[in-house]
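Subject: Structure handover

Hello,

Here is the structure we spoke about, for your files. My notes on it follow below.

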There are 4 protein chains.
Amino acid sequence: MAYGATFPLWRAAAEPHWSAFTRHRFVETLADGTLPRAAFLHYLVQDYVFLVHFARAWALAITKADTIVEMRQCAATVHGLIGEEMRLHVEICAAEGVDEATLFAAEERTENLAYTRYVLDAGHSGDFLDLLAALAPCVLGYGEIGARLLAEAADTPYRAWIEAYGGPDYQAMCAEVGRLIDGAAARRLGTAPEDSPRWASICVRFRTATRLEVGFWDMGLRP
Amino acid sequence: MAYGATFPLWRAAAEPHWSAFTRHRFVETLADGTLPRAAFLHYLVQDYVFLVHFARAWALAITKADTIVEMRQCAATVHGLIGEEMRLHVEICAAEGVDEATLFAAEERTENLAYTRYVLDAGHSGDFLDLLAALAPCVLGYGEIGARLLAEAADTPYRAWIEAYGGPDYQAMCAEVGRLIDGAAARRLGTAPEDSPRWASICVRFRTATRLEVGFWDMGLRP
Amino acid sequence: MAYGATFPLWRAAAEPHWSAFTRHRFVETLADGTLPRAAFLHYLVQDYVFLVHFARAWALAITKADTIVEMRQCAATVHGLIGEEMRLHVEICAAEGVDEATLFAAEERTENLAYTRYVLDAGHSGDFLDLLAALAPCVLGYGEIGARLLAEAADTPYRAWIEAYGGPDYQAMCAEVGRLIDGAAARRLGTAPEDSPRWASICVRFRTATRLEVGFWDMGLRP
Amino acid sequence: MAYGATFPLWRAAAEPHWSAFTRHRFVETLADGTLPRAAFLHYLVQDYVFLVHFARAWALAITKADTIVEMRQCAATVHGLIGEEMRLHVEICAAEGVDEATLFAAEERTENLAYTRYVLDAGHSGDFLDLLAALAPCVLGYGEIGARLLAEAADTPYRAWIEAYGGPDYQAMCAEVGRLIDGAAARRLGTAPEDSPRWASICVRFRTATRLEVGFWDMGLRP
């Protein structure tokens, strides 16, 4: 999946972390169904709290956007996260007897705290593009994982998860986010972004967030 | 209109500015139809830009909320502002030959800058309640003005404006915001908010924003 | 005064506002001594509150800097503002019977609110360079005014003010801020900053803050 | 060490994490001299980067303070951190052949990222008191550890570290920070802070930061 012109460049610059994230054992065992149920549920609880703070970071992006169209796109993403994506978590956890208030109050693991607060700080310390570079690995990496697993995965109890991220709604959102990034990059870095003096530091944002994704999966395997 | 328990207390503490805002000559001439068209259009252009930054402040509120329910309410308000309320401005201005890109790029008058940036700074320097106290005068004051004018106003070319703010959708949003404020106040100030040591400074937030509303109407009369 | 390579470019792009600010009647009557005492004292009170919020904006710059050297420079500027520059205000006002607590609690005029909160928002919505572009007109404009008046001004009761801004300490601080800006611009816009796609929006930051300086002097003449 | 009236209450509410932090094996082996040199140097490098971001959080506090006295205290703390406290790190590391630029560019460990970005987010999402509650464990915990070790520690190669935190300058700073906290708490929570509806959430801030201190020491033992 390309999701625009900028993302493939960032992704290449984030290796070997990008592959470690998208081909993580957590992902592969989701696909083949061998991921222990306890690990999956533990991950879902932490991921719910992750999404709370990730939605806060997208809300911060609304405050930093340059155009009304960008504001609307970021607002739609906030809605997608706290209106739609969390529903998957709430429904699966509810079936296990865990309600949404419990999810919201779950104690965050260090790997979780590190990731979301890093993204928020990327926004506070930098501009709209710095924030997008820190937001991109999660959004687009899940898109990439979802699309691949939808095509590859055999029968697995985690089919609903795969369909959520590999399905057309989430993929359309990724394409939209890819365009948002390309527009913001063009307005700040010009037509040869890799020649911009900011390029290296933007890539560090994306790379650091990718590294924190790997840590999040690692944590997911340790309920 | 009460819009909850906290708002009437803040409103009383903001006099005489509150009456100067809600009974301003701009409002009264909107109601009786004598407001010059040029003043109304000038106001609409500035108010469009106001709503851009006001929506940014509500997005900031998402990042400062305590609960997922509050996050969803603030996100719904952002959507209401940049999805719905601005449509009134865009449609009326389009009929006059002014497109949305022109609205977005309009040079902000000092009174406009002062108001929205004050609200944003209330959020950055304080907590969720400080921000709500600075957001409240515009949201609930327009609700109060709209409800009164809907009941009182004679025939006026500004009927659409009155119906937008006096109508059931906007009034329901005001009731919701009133509840949001009551919840946030209870969680921070307790059951006797006026006895809290923070009460005076919170009232200053509301009062200053009300004073800036008066300045905004004054500016509206000077195209 | 050049104060580096970037400032002269920004200044040129901010005309005619830059001349309106640095050659304002308030400035010229400070120089020839015809500025009414009441206007000067009114200005000093508002300027004290201005410096409180301007120091907050320089503190925000500490949180957005790229290097430890920049952090130290911004911290030195905060110290210069709230440790040194305000002393002039406090001493002159004390001689008139107005103490520092009264200064701190003074009600801000709209022109004052608009300016400082705009600068703070430039920092929150953008990156370090956006913030510096909004901070620069005040710091460097006062440097330019002080240097010119020190050379030109005849006998005037406002000599202490002129010496504060025209004197070597303040001028050295301006040279330092000029270097800070050049470094931040080089790291973000490269060696041909005027060709960067961000150039226009950065100039708007500087220009808007300059426009707000003019409004501040206008307000100074209306005690 | 009491460091004011509020800190002992927060500290008690943070058990058993508080004891786990202040009696951590890292601390005890610093005192008896058995801490491996490699662990100490690894810790110093991470702590240098920690202090960069911790200073940013104190700079954020300047932007959120209520009074000019508080602004000056927070600015003095920023200066103490990036002007004084870091000097210990820079000097010890320089003696080992590691220069300051290398320190600044060191890759942050997850435990480090989690802690500083959590503190910054406590400031952005809350008010001045929320931020102080997240800043307090590090400042005052190091004060408590330093004072105890200065009295108890036998001969150890880490004497300079103990004297830096147990010595009169750092202890005076802790007393000052304790007063700052008491003032901010009084203005927001009143004379019976433990009865305030905000008390529990403030204690969570302090407790979470304390938990992250434990994680930081754990990381220190794993070079």
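In this predicted model, Thr156(C) sits in the loop that runs between helix 8 (128-152) and helix 9 (159-166) of chain C. Is Thr156(C) buried or exposed? Its relative accessibility is 7%, and buried means under 20%, so Thr156(C) counts as buried. Its side chain reaches the backbone oxygen of Leu30(C) at 2.8 Å. Leaving aside residues up to four places away in sequence, Thr156(C) touches Leu30(C), Ala31(C), Asp32(C), Gly33(C) and Ile162(C).

Next, how chains C and D are related.

Then the nonpolar core. The largest one has 350 residues, and those that touch the most other members are Trp58(A), Trp58(B), Trp58(C) and Trp58(D). Helix 4 (residues 37-64) of chain B supplies the largest share of this core, 19 residues. For Trp58(D), the residues touched include Cys74(D), Thr77(D), Val78(D), Leu81(D) and Leu132(D), not counting residues up to four places away in sequence. Leu135(D), Val139(D), Val177(D) and Leu180(D) are also among the residues that Trp58(D) touches. As a general point, nonpolar side chains in soluble globular proteins tend to be buried together.

Last, the aromatic rings. Over all chains the count comes to 84 aromatic pairs. One of them is Tyr43(B) with Phe216(B): the ring centres are 6.2 Å apart and the planes stand at 85°, so the pair is edge-to-face. It links distant parts of the chain, with Tyr43(B) in helix 4 of chain B and Phe216(B) in helix 11 (residues 199-220) of chain B, 173 residues apart. Both Tyr43(B) and Phe216(B) are buried.

In chain D, Tyr43(D) and Phe216(D) form an edge-to-face aromatic pair, with 6.2 Å centre to centre and 85° between the planes. Tyr43(D) belongs to helix 4 (residues 37-64) of chain D and Phe216(D) to helix 11 (residues 199-220) of chain D, so the pair ties together parts 173 residues apart in sequence. Tyr43(D) counts as buried at 0% relative accessibility, and Phe216(D) counts as buried at 2%.

Regards

Terms used. Residues numbered from 1 in each chain as written. Chains lettered and ligands numbered in written order. Predicted model: local features only at pLDDT ≥ 70, side-chain atom pairs only at ≥ 80, totals over all residues. Heavy atoms only, no water. Core = buried A, V, L, I, M, F, W, Y, C linked by side-chain atoms within 4.5 Å. Buried < 20%, exposed > 50% of the residue type's maximum accessible area, 1.4 Å probe, protein only. Helix = DSSP H or I, 4+ residues; strand = E, 2+ residues; numbered from the N terminus. Contact = heavy atoms within 4.5 Å. Phe/Tyr/Trp six-rings, centres within 6.5 Å; stacked < 30°, edge-to-face > 60°. Polar contact = N/O pair within 3.5 Å; in protein donor to acceptor, adjacent residues only side chain to side chain.
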